[in-house]
Amino acid sequence: MIQSMTGFGKHRLELPNKKITIEIKTLNSKNLDLNARMPSQYREKELSLRNKISKSLQRGKVDFSLYAEVTGEETSSSINAVVVKNYIAQLKAIPETGNKDDVELLKMAIRLPDVLKTDREEVDENEFAAIDKALENALQEVTRYRLDEGKALEQDFVLRITNIKNILSEIIAMDPQRVEAVKERLRKGIADLKENVDENRFEQELVYYIEKYDITEEKIRLDNHLAYFTESLHSSDSNGKKLGFIGQEIGREVNTIGSKSNYAPMQKLVVEMKDELEKIKEQLLNVL
């Protein structure tokens with residue numbers, strides 16, 4: 001079953017002293033393009049998180065965000081009291097500010113560098129195990145989203161392939177008429193020249209001309225490619241690149257039929273097939 005590369009997953013994790021939220025958004029891309037945002041204390045685990053995301057999502061533009069909100073009394077930042085007292089002493093020593101109230105001095109001091117100090121926290125392994133599990137839940141949600149989007153894409157592909165098959169059936173039914181029209185056009189051309197021709201030689205040349213514009217092989221190959229596309233569409237895995245290659249082969253046969261047809265009604269049908277195929281190619285860009 002195919003998957004779309006468009007997806008979204010979100011999972012919240014409640015810990016004793018903080019709330020962690022994981023969000024994953026995905027869009028289509030040729031390869032995996034992963035952008036990760038997280039607090040600095042979790043950076044040491046970034047590679048592990050990236051590997052898990054890459055293994056699960058495989059391909060696409062992925063935005064991964066990890067938000068941590070402290071809900072308890074613990075915090076990694078604290079006021080550097082020594083620095084603040086030193087700043088205030090220096091501010092008092094300045095004549096222009098020496099008479100100001102201590103509250104105003106404190107307001108000034110608190111905005112100066114190094115007033116707040118942040119202690120580097122080591123990620124607790126139990127906490128990271130909970131984050132890792134939350135990431136799995138978010139990834140599963142993304143996969144469900146992608147599968148739902150994939151079902152809609154699959155329905156559209158089936159419709160387009162069916163339309164091309166129906167048009168191909170019209171072309172197959174029209175082909176004898178096309179051959180007769182080509183013969184008649186050649187005969188009329190000879191008649192307009194008012195030349196007497198050797199009928200045997202004319203028939204030989206006609207056979208050569210008809211063989212040159214014969215589309216039997218193209219019709220067979222196109223029918224096979226359409227069947228192969230449908231078969232691959234219902235395979236157990238999602239392989240957008242494979243479907244893309246089959247789409248290219250379908251396009252090659254359609255173009256050849258168009259160039260060989262030399263018959264306006266058939267060329268009109270070829271244009272209709274190209275229109276359906278173009279819609280397939282646009283949607284294939286979103287398939288995993």
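**A tour from the pocket to the salt bridges**

Start at the largest pocket: helices H7 and H8 (264-284) each supply at least two residues of its lining. This is a predicted model, where local features need pLDDT of at least 70 and side-chain atom pairs pLDDT 80 or more, while totals for chains, interfaces and linings use all residues. Residues are numbered from 1 along each chain as its sequence is written, and side-chain values use heavy atoms, without hydrogens and water.

**Stop 1: the pocket.** Select Gly240, Lys241, Gly244, Leu284 and Leu285, which lie nearest the pocket centre among 15 lining residues. A pocket here is an open set of points on a 1 Å grid over the protein atoms alone, where a 1.4 Å probe fits, with protein on both sides within 12 Å along at least five of seven lines; lining residues have an atom within 4 Å of a point. The space comes to about 370 Å³. H7 gives the largest share of the lining, six residues.

**Stop 2: helix H7.** Select residues 240-261. Helices are DSSP runs of H or I, at least four residues, numbered from the N terminus. The 22 residues of H7 should span 32 Å at 1.5 Å a residue, and the end C-alpha atoms are 31 Å apart, which agrees. The expected span is 1.5 Å times one less than the number of residues. Now colour the buried residues of H7, among them Leu243, Ile246, Ile250, Val254 and Ile257. Buried means under 20% relative accessible area and exposed over 50%, with a 1.4 Å probe and protein chains only. On the face turned away, find exposed Phe245 and Ser259. Just after H7, asparagine 262 has a positive phi of about 55 degrees.

**Stop 3: arginine 160.** Arginine 160 is buried, at 16% relative accessible area. A salt bridge puts a side-chain nitrogen of Lys or Arg within 4 Å of a carboxyl oxygen of Asp or Glu. Arginine 160 also pairs with aspartate 156, at 3.5 Å between the closest N and O atoms.

**Stop 4: lysine 45.** Lysine 45 bridges to glutamate 125, with the closest N and O atoms 3.1 Å apart. Lysine 45 lies in the loop between strand E3 and helix H1 and glutamate 125 in H4, so the pair ties together parts 80 residues apart in sequence.

Notes. Grid points are joined across faces, edges and corners, and a volume is the space filled by probe spheres set on the points.
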